[in-house]
Amino acid sequence: MSLSSVEWGAKPRKALGAPGLGKLVVDLPLLLTLIAVTAFGLVVLYSAAGEDLGRVARQGVRAALGFAAFFVMAQIQPRYFRIWSPWLYCVVLGLLLAVAVEGEISQGAQRWLDIGIVRFQPSELMKLAAPMMVAWFLHDRTLPPSLPQLVVVVLIVLVPAVLIARQPDLGTALLVVAAGGLVVLLSGITVRLILASIGVALAFAPVLWIAMHDYQRARVLTFLNPESDPLGAGYNIIQSKIAIGSGHLFGKGWLNGTQAHLEFLPERSTDFIFAVMAEEFGLFGVVLLLILYLVLVGRGLYIAIQAQDTYTRLLAGSLSLTFFVYVFVNAGMVSGILPVVGVPLPLVSAGGTSMVTLMGCFGILAAIHGHRKLLPA
Amino acid sequence: MPKRSPTLKDHWREQRLFLSRVAASAVVVLLLTAVLVGRLVQLQVFDYQRFSELSQDNRLRIEPLPPTRGLIYDRNGVVIAENLPTWQLVAIPEQIADLDAVLRDLAALGLVDEGEHQTLVDLIRSHRGFERVKLRNLTEAEAARFAVRRHRFPGIDIQEGLVRYYPFGPASAHAVGYVGSISQSDLERIDRRNYAGTSHIGKTGIERTYEDVLHGEVGYRQQVVNARGRVLLDPAEEEGAVAGLETKWPVPGRNVVLSLDMRLQLATYEALLGSRGAAVAIDPRNGDVLALVSVPAFDPNRLAAGLSRSDFAALQADNDRPLFNRALAGRYPPGSTIKPFLGFAALHYEKRTEHDRTYCPGFFRLPGNTHRYRDWRPQGHGSLDLRDAIVQSCDVYFYQLAVDLGIERMAGTLLSFGFGPPTGIDINGEIGGVVPSPEWKRAQPQFKRPEDKVWFPGETVIAGIGQGYMLVTPLQLAHATATLAARGARFRPRLMIGTEDTFEGRFTYVEPEPLPSVEMDDADWEIVNDAMIGVTRDPRGSARTPLAGTDYVVAGKTGTAQVFTVAQEAKYNEEEIDERLRDHGLFIAYAPAESPEIAVAVVVENGGGGSRAAAPVARKILDAYFAARGTGVVEDYVALQR
């Protein structure tokens, strides 16, 4: 959340009832793991970006901005998140509409909004705003939610998702749906409802297929049979599998990945950076990264369990699980078990909005944990 | 905790529910992670071998390293064919915006041929964007013309390359041959792998016959390429060897040393220049071809550099047929040059002695036939013996002799001297001549009716003066003359006498190949030899004028081959008939007559008589030989070998 910080940064601190009153809230397990992942990411990016220090430095600046967002968010009383939720949701929805009307077209898709100083993707912010809004909507209602309430939730999620999908950015749209959906899931809807919604989703699949752009359809088809078009749509995934597979247990060594350095691997500094990592650091390297990610997810879920009200509980749980979804979708796509959707590897792929948003999310998690009221022992 | 709680909420139940959902989610997260790790293990452990190979295939490209073609030397170490750095016009497709326009502009500058437009477009399009496509070789002037306009041609460049260069140009063309672009038919007869990276191949002559020796062995180096095939790492450009990249250096072709003496070759070429014809000089002692010239010739350098299609078509359509190797494939009636061989046959078969005389009234008539076989001297030669008949080239003597010998014996003797089938010289393109006989005539498809297949006595008569069906090539004539000079010892004519290692310069001499010799009594040889000396020395010798005043003794024989048959009562009048129907002039000779070192055969097409057209050429060749005699170096080579 870039709108957040300055004017409100000071206020919540007075109301703290948490341990370490007046102290800076820093969730050390989260922070250390985030530093580890980001540092690893920068190292890989240096290689993936063709040893271009400039690009690494730019990503370093984005990471620094991300950590700033983390620290700022961590200082905010969680109830403010709840209070701001509808406003943030409305603002981001407005921004999405603005993008739809006059966004900047980059790489054929209309995703960017130029607000003078920075260019950013409102759709990234929606990944946070949507679950916040759903959690806000559900926080003071009896859980599990009733069917009419669920209809409202579906609307809250689907309206921005459709806008994002039309940009077109199917990956982010699905992630927004996932983030909102996870809130509902955590809110305790019955298993029967879960199954029913899966059924509805499947029923809508043909509709989605018709609504998809040709390139999106091609991606799905290619996923089903990448060898059908080895030089066209299947090229990316074939080269990515070669990169991963040739990495073996310990990889070819940093800067020695031939697939990445000889440009066989497409999008190697963004969506396919996982393959660079797998090629240069091997199974060992990627499993290490997955462990770091699991630590973040685990810490997030722990924070959710420890959270003291419905809103923070749902938000923390949803943010943690959504984070895992990012990881799984990206790694799954790069290793060829999921279709190619434009989802970056969180905290590692080059890109600013995603980095800052994710760090902000972890800041929220830290805040949820750090600002708990301890029950008297 | 939330401050407001308007509805009744069962917080404990909610929390339990939430906890169970989180627990379920955590299980799903772990399961999905396990799926991911499983996938990674599958790719990185079980399929590692396959993907590793695929990644190697991706990054490595084999770049062929063509060998440097061996040089061709004459017997004295004079370079006849070498590789010169040259300028090549190249196109880099990815840098050309409008290919058609660029080619048109180049054509306007005369740097490419307008007619090649589509060929060049196809050539350039068939390459990848960053590859340098060789368009053609440029002369220095063309390179300079392009250089000053280079800025107008983005994507067109000039680069250095090697081109085959023949310093003597047309003078050596028919002996040495030339190299040209590898054609479809060439591809069928070569090991394509060994020609990877090579653009040219021997087309004719030595260049073709000794292609295997000259070409060498291709090498290769592995290069690292990126996804678009652009070379990123080339061991040749790095310091030392690059780890993991193999390089096998090419083995350059061997140098070929020819028996030719370029001094003689040049003299021969200059002597023949301006006419159509051929001359071959052979060392009778070993079959070494000292000079082999066919004129008009072509400039092999133009062919090696690449002729445009229209220029090549023009060369092929030339009425004088410059591409045709007359020395090897030109078939001419031998005319009177055959007389010494038949004279030898007469002695050998004892049909004549040295002193037997025949009266020449100026014509010959077969018994019971009115047809007159005319002598070239209408008034006749009177009474003459074999020596006189050869010296004056009397036809009547040989008409009679032919009848007495019979066609079978004549044919047998001529075949034993190497007439008829090809001599088997070590360059290709040779064809044989014709030694007619009744047997030969029966086998000829052009005589269809049985009565046409019959051998007529008149055909024997004219065979006696080398007319009729008999045909010889200049090479055969030179070979037979050398055989005569060597008193019957025969060697297969050859142009290559050895090869030379390119690195160490070690010369490997190839022994001459003896052929079945002609049995010849010294006495018989002396008679024929004496008669042939008379041809150049006697006051009545038919070649006394052109060979007057030599300080070496030449044994020779003139010949005149009729192209146009003169009617029975008409007279041959050179002025009245078309130049192309004039007689061919022939001359054979060897010298020094007492101990022959060089045998020569000269044919000048439509040059008139042998004495006037061919003998002066032979004189120049012999003069050149004796001027250079003993100053060559191959004699040293041979001496060293033994």
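1. A quick definition to start with: a residue is called buried if 20 or more other C-beta atoms lie within 10 Å of its own, exposed if 12 or fewer, and partly exposed in between, with C-beta atoms placed from the backbone. By that count R487(B) is partly exposed, because it has 19 other C-beta atoms within 10 Å. R487(B) sits in the loop between α20 (474–485) and β20 (490–491) of chain B, and it has a positive phi of about 55° although it is not a glycine. Helices here (H or I, at least four residues) and strands (E, at least two) are DSSP runs, numbered from the N terminus.

2. Some housekeeping. This is a predicted model, in which local features need pLDDT of at least 70 and side-chain atom pairs count only at pLDDT 80 or more, while totals for chains, interfaces and linings use all residues. Residues are numbered from 1 along each chain as its sequence is written, and chains are lettered from A and ligands numbered from 1 in the order in which they are written.

3. Chain B overall: there are 24 helices and 26 strands, and buried residues make up 44% of its 642 residues. Take contacts in chain B with a separation of 6 or more: 75% of them are between residues 24 or more positions apart. Contact means that the C-beta atoms of two residues, placed from the backbone, lie within 7 Å.

4. On to the cores. A nonpolar core is a set of buried Ala, Val, Leu, Ile, Met, Phe, Trp, Tyr and Cys residues joined through C-beta atoms within 7 Å. The largest one has 130 residues, and those touching the most other members are L258(B), A279(B), V280(B), A281(B), V600(B), V602(B) and I621(B). Leaving out residues up to four places away in sequence, V280(B) touches V289(B), A291(B), L292(B), A327(B), P474(B), L475(B), A478(B) and A601(B). A second, separate core of 124 residues includes A130(A), L143(A), I156(A) and Y326(A).

5. The interface: 37 residues of chain B are in contact with 44 residues of chain A. On the chain B side, α1 (11–46) and α2 (48–59) each supply at least two residues, and α1(B) gives the most, with 19 residues. By class, that side has 22 nonpolar, eight polar and seven charged residues. For the classes, Ala, Val, Leu, Ile, Met, Phe, Trp, Tyr, Cys and Pro count as nonpolar, Asp, Glu, Lys and Arg as charged, and the others, Gly among them, as polar.

6. A helix pair worth a look in chain A: α5 (residues 122–139) and α14 (residues 352–370) pack at an angle of about 15°, with their axes 9 Å apart. They are therefore roughly parallel to each other (the label for angles under 35 degrees). The contact is made by E124(A), L125(A), K127(A) and L128(A) of α5(A) and by T353(A), S354(A), T357(A), G360(A) and C361(A) of α14(A). That contact has three nonpolar, four polar and two charged residues. Axes are lines fitted to C-alpha atoms, for helices over the stretch in contact, and angles run from 0 to 180 degrees between N-to-C directions.

7. P344(A) is in the loop between α13 (310–334) and α14 of chain A. P344(A) counts as buried because it has 25 C-beta neighbours inside 10 Å.

8. Helix α16 (residues 395–405) of chain B has nine of its 11 residues buried, so it is largely enclosed by the rest of the structure. Among the buried ones are Y397(B), F398(B) and Y399(B), and also D395(B) and Q400(B). G406(B) follows α16(B) and has a positive phi, near 90°.

9. Backbone items to check by eye. Most residues other than glycine have a negative phi, and most peptide bonds are trans. A cis peptide bond joins V295(B) and P296(B), with omega about -5°; P296(B) lies in the loop between β15 (289–295) and α11 (300–305) of chain B. The bond from A591(B) to P592(B) is cis too, with omega near -15°, and P592(B) is in the loop between β25 (584–591) and β26 (598–604) of chain B. In chain A, H248(A) has a positive phi near 55°.

How values were computed: Parallel < 35°, antiparallel > 145°, perpendicular 65-115°, else oblique.
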